[in-house]
Amino acid sequence: MGQTSEAVHIARESVQLAEAGGDAMLIAEAMHRLAITLIAVRPAEAVELLLRLVAHARDVDERAMEARAHLSLGVARMRGRDDREGAEAFRRALAIARDAHALDVAASASMNLGVLELRRGDFGAAHDACRDALRLYTTLRNNTNRLAALYNLANVERERGDAEAALALDPETAALAGQLGVADIAIGAHAGAGRSALRLDDLAGARASLELAERAL
């Protein structure tokens with residue numbers, strides 16, 4: 001609802017209540033919720049809290065929570081424009097999540113790492129991370145996040161100069177977006193297919209993709 005000050009106040013109160021109760025896992029959950037609430041408005045404060053949460057999760061041997069803390073730490077680092085530390089946090093989250101068999105956290109870490117590496121211009125690392133995210137989301141049968149992984153992977157393939165690989169992904173992305181009712185991704189996928197077709201000198205295919213994009217728009 002956009003009431004960030006109230007949200008932060010409530011989240012802080014939750015941490016205080018959890019600490020008064022002495023339940024280590026409840027404290028960790030409350031700290032994580034407060035950190036997520038802070039990321040959008042005070043990322044530096046969120047980073048400090050998440051580093052404390054990492055230490056707390058280690059102390060109580062909660063590997064899944066440690067992985068979640070590193071995942072959120074990566075998001076906070078990105079928000080603060082520290083892409084190098086953000087990538088490192090996502091890598092730690094991925095490694096710990098795999099060890100803890102927390103596939104949902106591993107998938108999100110891979111997805112975020114892929115987007116970050118794409119932004120940094122490391123297309124090889126972005127490709128590997130997005131493909132890993134796609135595999136994990138397919139295993140988890142999470143079609144909403146699988147759609148995002150497909151879309152990002154197609155964009156990575158285009159950026160690294162493999163128009164054929166991108167064109168193979170775009171129709172699947174558009175079809176899944178249509179099934180889920182995500183119109184903007186469907187439009188983007190059709191447009192991406194058109195760009196790939198142009199790079200392959202397929203003008204008829206590019207025009208057909210443009211028509212599909214315009215129809216969806």
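Helices (H or I, at least four residues) and strands (E, at least two) are DSSP runs, numbered from the N terminus. By that definition the protein chain of this predicted model has 11 helices and zero strands. Its elements run α-α-α-α-α-α-α-α-α-α-α from the N terminus on.

Residues are numbered from 1 along each chain as its sequence is written, and side-chain values use heavy atoms, with hydrogens and water left out. Because the model is predicted, local features need pLDDT of at least 70 and side-chain atom pairs count only at pLDDT 80 or more, while totals for chains, interfaces and linings use all residues.

**Overall form**

- The C-alpha trace of the protein chain spans about 65 × 35 × 30 Å along its principal axes.
- Of the 217 residues of the protein chain, 44% count as buried; buried means under 20% relative accessible area, exposed over 50%, and partly exposed in between (1.4 Å probe, protein chains only).
- Contact means heavy atoms within 4.5 Å; of the contacts in the protein chain with a separation of 6 or more, 54% are between residues 24 or more positions apart.

**Nonpolar cores**

- A nonpolar core is a set of buried Ala, Val, Leu, Ile, Met, Phe, Trp, Tyr and Cys residues joined through side-chain atoms within 4.5 Å.
- The largest nonpolar core has 35 residues, and those with the most contacts inside it are Leu-71, Phe-90, Ala-97, Val-105, Tyr-137 and Ala-149.
- Two or more residues of this core come from each of helix 4 (63-79), helix 5 (83-100), helix 6 (103-120), helix 7 (123-140), helix 8, helix 9 and helix 10.
- Leaving aside neighbours within four places in sequence, Ala-97 is in contact with Ala-67, Ala-102, Val-105 and Ala-106.
- A second, separate core of 24 residues includes Ala-18, Ile-39, Val-47 and Val-54.
- In soluble globular proteins, nonpolar side chains tend to be buried together.

- Helix 7 has 18 residues and reaches 25 Å from its first C-alpha to its last, close to the 26 Å expected at 1.5 Å a residue; the expected span of a helix is 1.5 Å times one less than its number of residues.
- The buried residues of helix 7 are Ala-126, His-127, Ala-129, Cys-130, Asp-132, Ala-133, Leu-134, Leu-136 and Tyr-137, and they pack against helix 5, helix 6 and helix 8.
- Cys-130 is also one of the contacts of Asn-152, together with Met-111 and Val-115, when neighbours within four places in sequence are left aside.
- Asn-152 lies in helix 8 and is buried, with a relative accessible area of 17%.

**Helix 10**

- The 17 residues of helix 10 (residues 183-199) should span 24 Å at 1.5 Å a residue, and its end C-alpha atoms are 25 Å apart, which agrees.
- Among the buried residues of helix 10 are Ile-185, Ile-187, His-190 and Ser-196, as well as Gly-188, Gly-192 and Gly-194.
- The cover over the buried residues of helix 10 includes helix 8 (143-159), helix 9 (163-180) and helix 11 (203-216).
- Asp-201, which follows helix 10, has a positive phi near 60 degrees.

**Positive phi in loops**

- Most residues other than glycine have a negative phi.
- Arg-81, although not a glycine, has a positive phi of about 65 degrees; its place is in the loop between helix 4 and helix 5, where Arg-81 is exposed with a relative accessible area of 62%.

**Ala-28 in helix 2**

- Ala-28 is found in helix 2 and is buried, with a relative accessible area of 2%.
- Leaving aside neighbours within four places in sequence, Ala-28 is in contact with Leu-53, His-56 and Met-65.
- The C-alpha atoms of Ala-28 and Met-65 are separated by 7.5 Å, and the two residues are 37 residues apart along the chain.
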